[in-house]
Amino acid sequence: MKTTDLLIPTQKEAPNDAKVISHQLMIRAGLISKLASGLYSYLPVGLRVIHKVEKIIREEMDRSGAQEVLMPVAQPAELWQDSGRWDEYGPELLRFKDRHDRDFCLGPTHEEVITNIASQYLRSYKQLPMNFYQIQTKFRDEIRPRFGVMRSREFIMKDAYSFNIDQASLQETYELMHQTYCNIFDRIGLEYRSVLADSGAIGGDSSKEFHVLAGSGEDAICFSDESDYAANIERAETFPQHKAKEPTQELQVIATPKQKTINDICEFLEVDIKSTIKTLVVEGINDSLVALVLRGDHDLNQVKAEKLGIVKKPLVMATEERISDAGYSIGSIGVKDLKIPFIVDYAASSLSDFVCGANKEDKHLTGVNWSRDIGEIESADLRNIVDGDPSPDGKGKLVIKRGIEVGHIFQLGTKYSKAMNANVIGEKGKAVIMSMGCYGIGVTRVVAAAIEQNFDDRGIIFPESIAPFQVVIVPINYNKSTRVKEIADKLYCQLVDAQVEVLLDDRKERAGIMFADSELIGIPHRVVISDTHADNGNVEYKSRSSSEKVEIKFNDALTYIKNKLNQ
């Protein structure tokens, strides 16, 4: 293709609302155009990249034995009501009425639709297992769309759903999909980790996320420095490490006027934050309050807290008014003589001689010990892990990095098939509820994640597998020099005939502008042709990922470039 035949609206500056590199570069390189908050049009160069990602996904999904389908974006409310998610899903589900006043939604996912299909057409265990996938537009009404296509309201997703006769069969499909996802991300050329994850609103018992490692990642993931263990920070478990030591200090009440935060208390009392506890009050079930107790330097893990039977879900922090009505004051709540039910994190439960609130305004206790001063306590895993924590598998220590979630696989079990009566006749002639799996990849998010992992100060460095073009020819004075034009056109035709995806920059622009645009867009291989090259019979080759320039004979150029593409 020639540049004059292609819309490539490159820009020198990124818009002010573009905060992450991928958003900035996708706008600047002319890959996307913003329509409204969280809504983007994919321009020709950007769509070429998306199609490359989709091609790899299709090839690997087909190789796994999955069958491609295409389901409607608009979904009737009845299906979501059957599964129970019409009221559960929340405001991300965009609901609307058609002209006949019937309720519909724009699909953020398609468990209900595919289960409806399966219940109609899968009749016997002999048809199983079956795995269906689609690559299609999804819509989630994000409260705060941000980071360009990384968290947009409308996006392209590959979602797959398997139907199995039992858990053992589901486990086999789940493992097959895990390997298929590894194949996909390996072929794209991403540095990634698969990590244990929480299933969230999708449901199910087991799930893994696939994260591209990048400093801009929204998620914290952790993995062992000595084993294959890896997990989302929401899922990573902690365990009791040791029992609290015997008391060495007397319990004392200390005046702490106007000292409300943990940092204030530590500075005021000149104590290490690791020898303090903080008491967070949340809403419990049946209109009660529950206190969650952590070591001063640790953060509450919302997912873990929501799994406690006495805590309201979703997690809601108690208001100051609610706490005051219970007889306590924020900033001085402690565990001694606390009348609210409380649960202590494992790390906090191993402390001795610690500092906590005294349940009196502007007062704190020092030298507190569980066995002596508090008595029997209930402990649980409540906190986020921190860098250096022991790995849950007992091998090594945990390392925390930032990741961008690009894929998620779930074992759903019978959550949807049971609710929607999707069964088959089993081997013994009786109806059996099918077990389901769900497997998603954010196609447009993969593009953004690849950019977050591959860029420099000049622009995008696309992995060759998904670059919009493989080669760009930059002929200097193409519209003035007949010799340059002749050589450039000849090489262009040779590459086209060799089925190489080549872009010929035939614009009337200065060489610097053409170089800058090709680097901004991220085309992996560049060939420069000038009058000097016409004189000596050479062309100049440069890789996007290297600063080295190589002079090669024109007659060798096609073979040289093809060899580079095959490396």
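**Figure 1. Lys490 in helix H14 of the predicted model.** Lys490 is found in helix H14, which spans residues 482-497; helices (H or I, at least four residues) and strands (E, at least two) are DSSP runs numbered from the N terminus. Residues are numbered from 1 along each chain as its sequence is written, and side-chain values use heavy atoms, with hydrogens and water left out. This is a predicted model, for which local features need pLDDT of at least 70 and side-chain atom pairs count only at pLDDT 80 or more, while totals for chains, interfaces and linings use all residues. Lys490 counts as partly exposed because its relative accessibility is 47%, where buried means under 20% relative accessible area, exposed over 50%, and partly exposed in between (1.4 Å probe, protein chains only). The C-alpha atoms of Lys490 and Phe554 are separated by 10.0 Å, although these residues are 64 apart along the chain.

**Figure 2. The chain as a whole.** The chain contains 17 helices and 30 strands, and its C-alpha atoms fill a box of roughly 95 × 70 × 50 Å, taken along the principal axes. Of its 567 residues, 51% count as buried. Among contacts (heavy atoms within 4.5 Å) with a separation of 6 or more, 68% are accounted for by residues 24 or more positions apart.

**Figure 3. The surroundings of Asp389.** Asp389 lies in the loop that runs between strand S19 (379-380) and strand S20 (398-413), and Asp389 is buried, with a relative accessible area of 11%. The side chain of Asp389 reaches the backbone nitrogen of Val386 at 2.9 Å. When residues up to four places away in sequence are not counted, Asp389 touches Thr238, Arg383, Lys397 and Leu398.

**Figure 4. Nonpolar cores.** A nonpolar core is a set of buried Ala, Val, Leu, Ile, Met, Phe, Trp, Tyr and Cys residues joined through side-chain atoms within 4.5 Å. The largest such core has 61 residues, and those with the most contacts inside it are Leu31, Phe185, Ile188 and Phe462. Helix H6 (residues 167-188) gives the most to this core, contributing 8 residues. Apart from this core lies another, of 25 residues, with Ala77, Leu79, Trp80 and Phe132 among them. Leu31 touches, among others beyond four places away in sequence, Met26, Tyr42, Ile451, Ile460 and Phe462.

Figure 5. A search of the whole structure finds 0 disulfides, a disulfide being a pair of cysteine sulfur atoms within 2.5 Å. The sulfur of Cys182 is too far for a bond, because the closest cysteine sulfur, in Cys438, is 17 Å away; Cys182 counts as buried at 11% relative accessibility. For Cys356 the closest cysteine sulfur is that of Cys266, at 13 Å, which is likewise too far for a bond, and Cys356 counts as buried at 1% relative accessibility.

**Figure 6. The second largest pocket.** On a 1 Å grid over the protein atoms alone, a pocket is an open set of points where a 1.4 Å probe fits, with protein on both sides within 12 Å along at least five of seven lines, and lining residues have an atom within 4 Å of a point. The second largest pocket has a volume of about 380 Å³, a volume being the space filled by probe spheres set on the points, which are joined across faces, edges and corners. The lining comprises 23 residues, of which Lys260, Lys278, Thr279, Leu280 and Gly331 lie nearest the centre of the pocket. Helix H7 (262-269), strand S14 (277-283) and strand S17 (354-357) each supply at least two residues of this lining, and the largest share, 5 residues, comes from S14.

Note on methods:
Polar contact = N/O pair within 3.5 Å; in protein donor to acceptor, adjacent residues only side chain to side chain.
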